[in-house]
Amino acid sequence: MAADPEASPKRQRILIVEDEPFITLALEAMLPELGFDVAGSAAKVSTALELIGRERIDAAILDVNLGLQRIDPVADVLAGRGCPFIFTTGYSVSGLPARFAGRAVLQKPFGLEQLATLLHAEFGAAVDERSHFKTGVKHAPDDRRPPALRAANATTPRREALGGV
């Protein structure tokens, strides 16, 4: 019996264009947790353009500055194909290419919650049933984020806040 294609929809494939290896690794870990697949990662404009030419890309996360290179050629190709993308930057939004001033921007540093909110707003809901954000659960008790991300966003209630208990 053949599988029903409607029963297992394809996950959106996201291209990551980022020159900071730790940010790339974090995104590669977070995207599957949010119900997306990683189509590929590139640290250079030329590599990103090559990936766009050979891979199925449903959406992209683009760092505005890749060392001395600007992301403009990649954004131009994606926009020409009607492929949605968001920018990331550690600088002000004034550094965005003027023709893309209306695009969504994820300010660095960012966490899982900010990434999830923006991805789902810009790219639509993920199809992965395991995605915490598809079900509306912000932080499940079995939080599967990498320990460093959990620790970075963790807050411990102070004893006084609990009424001295």
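Strand 1 (residues 13-17) and strand 3 (residues 59-63) run parallel and are joined by 4 bridges. Ile 16 has Ile 61 of strand 3 as its bridge partner. Here strands (E, at least two residues) and helices (H or I, at least four) are DSSP runs, numbered from the N terminus.

This is a predicted model, in which local features need pLDDT of at least 70, side-chain atom pairs count only at pLDDT 80 or more, and totals for chains, interfaces and linings use all residues. Residues are numbered from 1 along each chain as its sequence is written, and side-chain values use heavy atoms, leaving out hydrogens and water.

Zooming out, 5 strands make an open sheet in the order 2-1-3-6-7, with parallel pairing; two strands pair if DSSP finds at least two bridges between them. Strand 2 (37-42) and strand 7 (105-107) are the edges, each pairing on one side only.

Angles run from 0 to 180 degrees between N-to-C directions, with axes fitted to C-alpha atoms, for helices over the stretch in contact.

| Helix | Lies across | Angle |
|---|---|---|
| Helix 1 (residues 21-33) | strand 1, strand 2, strand 3 | about 170° to strand 1 |
| Helix 4 (residues 112-123) | strand 1, strand 3, strand 6 (85-89), strand 7 | about 150° to strand 6 |

Now for helix 1: Thr 24, Leu 27, Met 30 and Leu 31 are its buried residues, buried meaning under 20% relative accessible area and exposed over 50%, with partly exposed in between (1.4 Å probe, protein chains only). Seen down the axis of helix 1, they fall within an arc of 135°, so they line one face; the arc is that of the directions from the helix axis to the C-beta atoms. Pro 21, Phe 22 and Leu 25 are exposed on the other side of helix 1.

Technical notes: Contact = heavy atoms within 4.5 Å.
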